[in-house]
Amino acid sequence: MWLVYAACSAVAFGLRGILYQRLSPLPLDRNVLLSGVFFTGFLISLTLAFLNGQAWEIETAVGIQMGVCSYVANMAMYRGFAAGKPSIVAVLSALPPVVVVLVAWLLWGERLNFGQSAAFLLIVAGVVLIRYARDFTLAHWNSAKWGLVTMLFFGFNDLSSKWSTMLGADLYPVLACMFGTGTVLFLLSRRAGKRRSADALVRPAGAEPPANAWTERRTFGVGMLVGLTNAVGMILIVTAFETGITGLVSAIVALNVLLILLYTRIVVRERFSPREAAGILLTVGGVITLRLLA
């Protein structure tokens, strides 16, 4: 069953990325949307923490750090999709293992074996091909910029998760702190945005949607629905880890990027140049290799 759980988790995270991409050009407030995404995770994690009788200790506060990292990563992912090149964001958002392995080597002395080193070469080669594709435009660079921020902070979030397990903190209280922190940060960002501008809506160029088409209540509700994919993905991957082989579970879940890329090719009809397609294949291959041999 762990194989089924891991595959379903990959689908859930892939759906989250697709929904972000679909919603990114709409005239809605991304801060309200993402606060709804995190609020769903908060409610589910809080409920599971109490149902399972898990402890709330000082170590649980690591979840606050995770919430800050996840806040930055989700904001960057959403903005990257809105920049116009979702495939680049999809690939870069699959690379937190690069950050995790490097920082783990620096902090905890974990060294790279031959397979991990080979994976890094594949990843670097793929990123270089994507970055220097012949049709690389300003939109590509904007997406790549936010994709790199997404990669870094999802990696920091994974490292914080590792730290919480080293401290012996219970899972669901930590997740409740993480999702709760993210909810508060996005709501604070919304308030700050109102002060900076009378109109904080994100509008696609040349579009004039009907007034009040996306109210804050509607946007928050849609965010809560999207949050189900995020919360379900987390629960499924934890369940898979309980009985499955860690490296294999991670490799299968990392394949969520393929679902996003397939969507951008078939639905969005985003065309890949041969060099860019080769870069994507190399990068995905590097992620799978790194996950399998971590």
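Helices in this report (H or I, at least four residues) and strands (E, at least two) are DSSP runs, numbered from the N terminus. The model is predicted, with local features requiring a pLDDT of at least 70 and side-chain atom pairs counting only at pLDDT 80 or more, while totals for chains, interfaces and linings use all residues. Residues are numbered from 1 along each chain as its sequence is written, and side-chain values use heavy atoms, with hydrogens and water left out.

## Overall architecture

The protein chain has 12 helices and 0 strands, so that from the N terminus on its elements run α-α-α-α-α-α-α-α-α-α-α-α. Of the 294 residues in the protein chain, 47% are buried, where buried means under 20% relative accessible area, exposed means over 50%, and partly exposed lies in between (1.4 Å probe, protein chains only). Contact means heavy atoms within 4.5 Å. Among contacts in the protein chain between residues at least 6 apart in sequence, 89% join residues at least 24 apart.

## The cavity and its lining

On a 1 Å grid over the protein atoms alone, a cavity is a set of points where a 1.4 Å probe fits but cannot get out, and its lining residues have an atom within 4 Å of a point. Grid points are joined across faces, edges and corners, and a volume is the space filled by probe spheres set on the points. A search of the whole structure on these terms finds 1 cavity of 30 Å³ or more, and the largest cavity has a volume of about 50 Å³. Its lining consists of G41, I44, S45, L48, Y172, L175, F179, A231, M234 and I235. The elements that give two or more residues to this lining are α2 (30-51), α8 (171-196) and α9 (216-243), and the largest share, 4 residues, comes from α2.

The lining residues divide into 8 nonpolar, 2 polar and no charged. In this division Ala, Val, Leu, Ile, Met, Phe, Trp, Tyr, Cys and Pro count as nonpolar, Asp, Glu, Lys and Arg as charged, and the others, Gly among them, as polar.

F179, one of the residues that line the largest cavity, is placed in helix α8 and counts as buried at 2% relative accessibility. Leaving aside neighbours within four places in sequence, F179 is in contact with F38, G41, F42, S45 and N230, among which G41 and S45 also belong to the cavity lining.

N230 is located in helix α9 and is buried, with a relative accessible area of 5%. Not counting residues up to four places away in sequence, N230 touches F13, R16 and F179.

T219 is likewise placed in helix α9, and with a relative accessible area of 1% T219 is buried. Its contacts, leaving aside neighbours within four places in sequence, are with L28, D29, V32, L33 and W214.

## N74 in α3

N74 has its place in helix α3 (residues 62-82) and is buried, with a relative accessible area of 1%. A polar contact is a pair of N or O atoms within 3.5 Å; within protein, one must be able to donate a hydrogen and the other to accept it, and residues adjacent in sequence count only if both atoms are side-chain atoms. The side chain of N74 makes such a contact with the side chain of Y20, at 2.9 Å. Not counting residues up to four places away in sequence, N74 touches Y20, L34, F38, F154 and F186.

## Pairs separated along the chain

| Pair | Separation in sequence | C-alpha to C-alpha distance |
|---|---|---|
| F179 and V37 | 142 residues | 8.7 Å |
| T219 and S35 | 184 residues | 9.6 Å |
| A144 and I88 | 56 residues | 6.0 Å |
| C8 and G233 | 225 residues | 7.5 Å |

## The buried side of α11

In helix α11 (residues 256-266), the buried residues are N256, V257, I260, L261, Y263 and T264. These residues cover an arc of only 155 degrees around the axis, which puts them on the same side of α11; the arc is that of the directions from the helix axis to the C-beta atoms.

Methods:
On a 1 Å grid over the protein atoms alone, a cavity is a set of points where a 1.4 Å probe fits but cannot get out, and a pocket is an open set with protein on both sides within 12 Å along at least five of seven lines; lining residues have an atom within 4 Å of a point.
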